[in-house]
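This report describes the salt bridges of one structure. The sequence and the model are shown first.

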Amino acid sequence: MSPDSAFLLPAKAAQLIGSGLLARQGLRPALSAPEQVVGTAVAAQFGHQFSQVELLRQRAGELDMPTSRDSHILPSEAKTYLGTVRTLLAAAREVAGKLALFH
């Protein structure tokens with residue numbers, strides 16, 4: 001498997017973690033919302049470490065629409081991002097248990 005392909009699954013997982021935290025509160029982005037809304041919302045609510053949700057989305061976008069021939073992921077970078085997503089998942093589990101519906 002290529003590092004680019006290996007990166008896309010953790011990037012998608014980060015988006016699902018962010019969406020899951022919002023859903024836990026009874027929230028979801030509008031269909032017309034900008035792409036970065038999930039990452040922005042979870043970072044604003046739950047702290048800086050959740051800004052990784054948006055950074056991973058942006059990085060995945062660079063791979064989807066490359067701007068140069070250097071738009072690729074190194075194996076070490078894919079491994080680092082996997083660790084990042086595992087950390088986000090652990091933090092989300094901790095936060096999710098304390099969330100109530102948004103009023």
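Glutamate 77 and arginine 59 form a salt bridge through their side chains, at 3.1 Å from N to O. A salt bridge is defined here as a side-chain nitrogen of Lys or Arg within 4 Å of a carboxyl oxygen of Asp or Glu. The pair links distant parts of the chain, 18 residues apart: glutamate 77 belongs to helix α4 (residues 75–96) and arginine 59 to helix α3. Helices are DSSP runs (H or I, at least four residues), numbered from the N terminus.

Arginine 59 counts as buried, with 13% relative accessibility; buried means under 20% relative accessible area and exposed over 50%, computed with a 1.4 Å probe on protein chains only.

**Basis of the model**

The model is predicted: local features need pLDDT of at least 70 and side-chain atom pairs count only at pLDDT 80 or more, while totals for chains, interfaces and linings use all residues. Residues are numbered from 1 along each chain as its sequence is written, and side-chain values use heavy atoms, leaving out hydrogens and water.

**A network around arginine 57**

Salt bridges link Glu35, Glu54 and Arg57 in a network. Between arginine 57 and glutamate 35, the N to O distance is 2.9 Å. This pair also links distant parts of the chain, 22 residues apart, with arginine 57 in helix α3 (residues 51–64) and glutamate 35 in the loop between α1 (3–24) and α2 (37–46). Glutamate 35 is exposed, at a relative accessible area of 61%.

In the salt bridge of glutamate 54 with arginine 57, the closest N and O atoms are 2.6 Å apart. Both residues lie in helix α3, three residues apart, or about one turn of the helix. Glutamate 54 is buried, at 10% relative accessibility.

**Overall count**

Across the whole structure, the search finds four salt bridges.

How values were computed: Helices (H or I, at least four residues) and strands (E, at least two) are DSSP runs, numbered from the N terminus.
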